[in-house]
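User: Could you take a close look at one part of this model with me? I would like a connected account of how its pieces sit together.

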Amino acid sequence: MAVRLLCPITGSYHQDDCQFLLTPLWRHSQNFSIYEKECLVQSGAKHYSEMISAELPPSVPYIALFRKLTQKYKSRMAAQVMRLAYSIINTRPDPITLVSLARAGTPIGALLQRALSRHLHVESRHYSISIIRDRGIDEQALAFLLREHQRSASGVVFIDAWTGKGVIAKELKRAIAYWNSRHSEQLQDSLYVISDVAGVADVAATYEDYAIPSGMLNATVSGLVSRSILNSQIHPGQFHGCIVYDYLQPYDLSNWFLDEVESQMDTTKDAAPLSLRSRKQHHIQAQANVYFDRWIKQYGIRSIHHIKPGIAEATRVMLRRVPERLLLRDLESDDLAHLLMLAKEKEIAIEHQPNMPFSAVAFIKTIGKN
């Protein structure tokens, strides 16, 4: 049997912006419908990482909303990326190795790579790797970048776009603790994000729940690469898997989004490093937990995993899960127009909750009763 060599891929990104440490599954995994996948996950028959659904091109009106929000927030995002970049270089030695969590973290990692290498002239490289709830981080990918590409462990920084309830942040800490218990290359488990809506990240540029534009789209803003897959197609010694959606190339906005945000980067602003966990974060986290408990009781939600707080997480539910209900803080907000569009298309109940701490929350529908 031929040995399969580990080789980074770039999707539709430039190599200098991002290298995915993922195994392309050219023999595509079986495509499940969103409903079939939800049934299998909720019944326990399969883990979500074993399955994937086909991605459809976004509609023309939806792309128009994405472009509008990018124009609205590109200056803010550029400033927040620069704040994270300054925080990284003030706390980590050269060379910097950005490790984004595929795939929500991938566009942010690519923006940070441009900020560090092009604007702050710091030696850095960006890899995007898989982390999966209840399955951990891709250790083959970590070993590859540390040993094959000889990146210094002290310069590794983990990147994501946003936090929801903190499930992946906790998964990262468990995974890195397990790695450090068995390897000489000791990694820091700090997670750097743009928006920390529930107060669970280590370093965040903002705690505001606003419409990060890259959270609106799937592969077409993430280098045409799918979320990661871990099933029987992945053999020992391989990276976690993915699908490269070449058929979505006419709709790809990955590099356009990077260019738009980078055009607003200014090295003269926001040089102050961001602090690690603050008292404000503890307050945000406590407030979020009060609402989670309230919703579980009020709506009879069986699993906290079925509550997805924040605009980006709510959007993921509308695009990739079976939604049951959408809660919105401000029905007139431009930030939520795409969610209203998706909810109306799917005929999902919309509730106005003006006092909740999040701009949007989506509930995943419980399929059947045991």
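Against which helices do the buried residues of α6 pack?

Analyst: Happy to walk through this with you. This is a predicted model, in which local features need pLDDT of at least 70 and side-chain atom pairs count only at pLDDT 80 or more, while totals for chains, interfaces and linings use all residues. Residues are numbered from 1 along each chain as its sequence is written, and side-chain values use heavy atoms, with hydrogens and water left out.

The buried residues of α6 pack against α2 (60-91) and α3 (106-119), where contact means heavy atoms within 4.5 Å. Helices here are DSSP runs of H or I with at least four residues, strands are runs of E with at least two, and both are numbered from the N terminus. Helix α6 spans residues 254-262, and seven of its nine residues are buried. Buried means under 20% relative accessible area, exposed means over 50%, and partly exposed lies in between (1.4 Å probe, protein chains only). The buried set in α6 consists of Ser254, Asn255, Phe257, Leu258, Glu260, Val261 and Glu262.

Two packed helices are described by the angle between their axes and the distance between the axes. For α2 and α3, the axes come within 9 Å and cross at roughly 70°. That makes α2 roughly perpendicular to α3. Axes are lines fitted to C-alpha atoms, for helices over the stretch in contact, and angles run from 0 to 180 degrees between N-to-C directions; under 35 degrees counts as roughly parallel, over 145 as roughly antiparallel, 65 to 115 as roughly perpendicular and the rest as oblique. The crossing of α2 with α3 is right-handed, a term used if the near helix is turned clockwise from the far one by less than a right angle, with left-handed for anticlockwise.

On the α2 side, the contact holds Met77, Val81, Met82, Leu84, Ala85, Ile88 and Ile89, and these meet Ile108, Leu111, Leu112, Ala115 and Leu116 in α3. The residues of this contact divide into twelve nonpolar, no polar and no charged. In that count, Ala, Val, Leu, Ile, Met, Phe, Trp, Tyr, Cys and Pro are nonpolar, Asp, Glu, Lys and Arg are charged, and the others, Gly among them, are polar.

The chain between these two helices deserves a look as well. Pro95 is found in the loop between α2 and β3 (96-101), and the peptide bond from Asp94 to Pro95 is cis, with omega near -10°. Most residues other than glycine have a negative phi, and most peptide bonds are trans.

Strand β7 (residues 156-159) runs parallel to β9 and is joined to β9 by two bridges, with Phe158 opposite Leu191. Two bridges also join β8 (residues 162-163) to β9, again in parallel, and here the bridge partner of Trp162 is Ser195 in β9. Two strands pair if DSSP finds at least two bridges between them.
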